[in-house]
Amino acid sequence: MTLQRSEAYATTAGGPAQPGVAVPRLVGAPAPVLRDLRDRSGRSPRTLVFAAGDVVVVSGLPGSGKSTLIRRAARGLGIDSQDTRDRWDARMPRLLPYAVYRPLVRIAHYAGLRRALRSGASVVVHDCGTQTWVRRWLAREARRRGSGLHLVLLDVTPAVAREGQRERGRGVSGYAFARHRRAVGRLIGDAEAGRLPSGCASAVLLDRDAAGTLGRVGFEKFSPSGH
C-alpha cells in the first residue's frame, strides 16, 4: 500500500488549490493507496475528487456523521439508507413500529442502489460497516463497469458517535453498537496496516475535524476510459 496518496485529487483548506497525486488506472490490480487526513488541525482538504463513474463508500460508526457528510459534500450523488427510511416513515402510520416495515425499507434501498450502479453514474454510498457482502457487491459492480471503488472512513471515538446519535434523536442498542465498533475498528485497523477490502482501490481516513472541513466529494467530468 502507498501511504498519503489517493486516486482522489485534494484541494487543501486555508491555501491555494493543491491537487493530490492521482494514481493512473493500470491494467490488472495496482496496489491500493491510503490518504490519512487525521490530526491536521483544520489543514485537511476541502475537496476530494474521484474519476467519473467511480463508487465511493462512506463508512463509520452510527452517529459519526456519515449521512451529514454525504448530504453536505455529495449533493445529488448520495445513496443513503436513512433517506429511504425517512421516505417510508413519512408514509407509514405514526404508531407502527419501524421493525415491522424495516425489511421493505431495506429492499427499497438496495433496489435503488442497484439501479444507480447499473446506470454507470458516479455514486457515494452510505455504509454501516457491518455488511461485508455490500462492499463485495459494490466491488464487483465497479469492476463490471471499469471503475474504481474507494473507501472514506470516519474515525471518531465511541463517545462522539453516541453524542451524534443523541443529537439526531435516533440511537442503536448497545449490542448493535458493539457490533458496529468491532466492524468499523477492523476496517480502520486494516486500512492503517495496508489491508483494504478486496477490490478497493483506495481509502481516505477522516477524523471529526477533517470531515467537518471537507466541503465537497465530487467526480471528474471525463469517463473512466478517458474519453
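A: A salt bridge is a side-chain nitrogen of Lys or Arg within 4 Å of a carboxyl oxygen of Asp or Glu. The model is predicted, and in it Arg 85 and Asp 89 have their closest N and O atoms 3.5 Å apart. That value lies within 4 Å, so the pair is a salt bridge.

Q: What makes the separation of Arg 85 and Asp 89 about one helical turn?
A: Both residues belong to helix 2 (residues 81–91) and are four residues apart, which means a separation of about one helical turn.

Q: Why is Asp 89 called partly exposed?
A: The relative accessible area of Asp 89 is 24%. Buried means under 20% and exposed means over 50%, so a residue in between is partly exposed. Asp 89 is therefore partly exposed.

Q: Why is the contact of Arg 38 with Asp 155 called a salt bridge?
A: The closest N and O atoms of Arg 38 and Asp 155 are 2.7 Å apart. The cut-off is 4 Å, so the pair qualifies as a salt bridge.

Q: What makes the pair of Arg 38 and Asp 155 a tie between separate parts of the chain?
A: Arg 38 lies in the loop between strand 3 (33–36) and strand 4 (45–50), whereas Asp 155 lies in the loop between strand 8 (149–154) and helix 5 (158–168). The pair therefore ties together parts that are 117 residues apart in sequence.

Q: How do you know whether Arg 38 is buried or exposed?
A: Arg 38 has a relative accessible area of 16%. Buried means under 20%, so Arg 38 is buried.

Q: What makes the meeting of the side chains of Arg 38 and Glu 192 a salt bridge?
A: The N to O distance is 2.8 Å, and the cut-off is 4 Å, so the pair is a salt bridge. This pair links distant parts of the chain: Arg 38 is in the loop between strand 3 and strand 4, Glu 192 is in helix 6 (residues 174–192), and the two are 154 residues apart. Glu 192 counts as partly exposed, at 44% relative accessibility.

Q: Which residues are linked with Arg 38 in a network of salt bridges?
A: Asp 36, Asp 155 and Glu 192 are linked with Arg 38 in such a network. The search of the whole structure finds nine salt bridges.

Q: Why are helix 2 and helix 3 called oblique to each other?
A: The axes of helix 2 and helix 3 (residues 98–119) come within 9 Å and cross at roughly 130°. Roughly perpendicular covers 65 to 115 degrees and roughly antiparallel means over 145, so an angle between those ranges is oblique. Helix 2 and helix 3 are therefore oblique to each other. Helix 2 passes helix 3 in a right-handed crossing.

Q: Which residues of helix 2 and helix 3 meet?
A: In helix 2, Ser 81, Thr 84, Arg 85, Trp 88 and Asp 89 take part; in helix 3, their counterparts are Tyr 98, Tyr 101, Leu 104, Val 105, Ala 108 and His 109. By class, this contact of helix 2 with helix 3 has six nonpolar, three polar and two charged residues.

Q: How do you know that His 109 is buried?
A: Its relative accessible area is 7%, and buried means under 20%, so His 109 is buried. Not counting residues up to four places away in sequence, His 109 touches Ile 79, Asp 80, Ser 81 and Thr 84.

Q: Why are helix 3 and helix 4 called roughly parallel?
A: Helix 3 and helix 4 (residues 132–144) pack at an angle of about 20°, with their axes 10 Å apart. Angles under 35 degrees count as roughly parallel, so the term applies to helix 3 and helix 4. Their contact is made by Tyr 110, Leu 113, Arg 114, Leu 117 and Arg 118 of helix 3 and Trp 133, Val 134, Trp 137, Leu 138, Glu 141 and Arg 144 of helix 4. The contact of helix 3 with helix 4 has seven nonpolar, no polar and four charged residues.

Q: What makes Ser 67 count as buried?
A: Ser 67 has 13% relative accessibility. The limit for buried is under 20%, so Ser 67 counts as buried. Ser 67 lies in helix 1 (residues 66–73) and, leaving aside neighbours within four places in sequence, is in contact with Asp 80, Gln 82 and His 126.

How values were computed. Residues are numbered from 1 along each chain as its sequence is written. This is a predicted model: local features need pLDDT of at least 70, side-chain atom pairs count only at pLDDT 80 or more; totals for chains, interfaces and linings use all residues. Side-chain values use heavy atoms; hydrogens and water are left out. Buried means under 20% relative accessible area, exposed over 50%, partly exposed in between (1.4 Å probe, protein chains only). Axes are lines fitted to C-alpha atoms, for helices over the stretch in contact, and angles run from 0 to 180 degrees between N-to-C directions. A crossing is left-handed if the near helix is turned anticlockwise from the far one by less than a right angle, and right-handed if clockwise. Contact means heavy atoms within 4.5 Å. Ala, Val, Leu, Ile, Met, Phe, Trp, Tyr, Cys and Pro count as nonpolar, Asp, Glu, Lys and Arg as charged, and the others, Gly among them, as polar.
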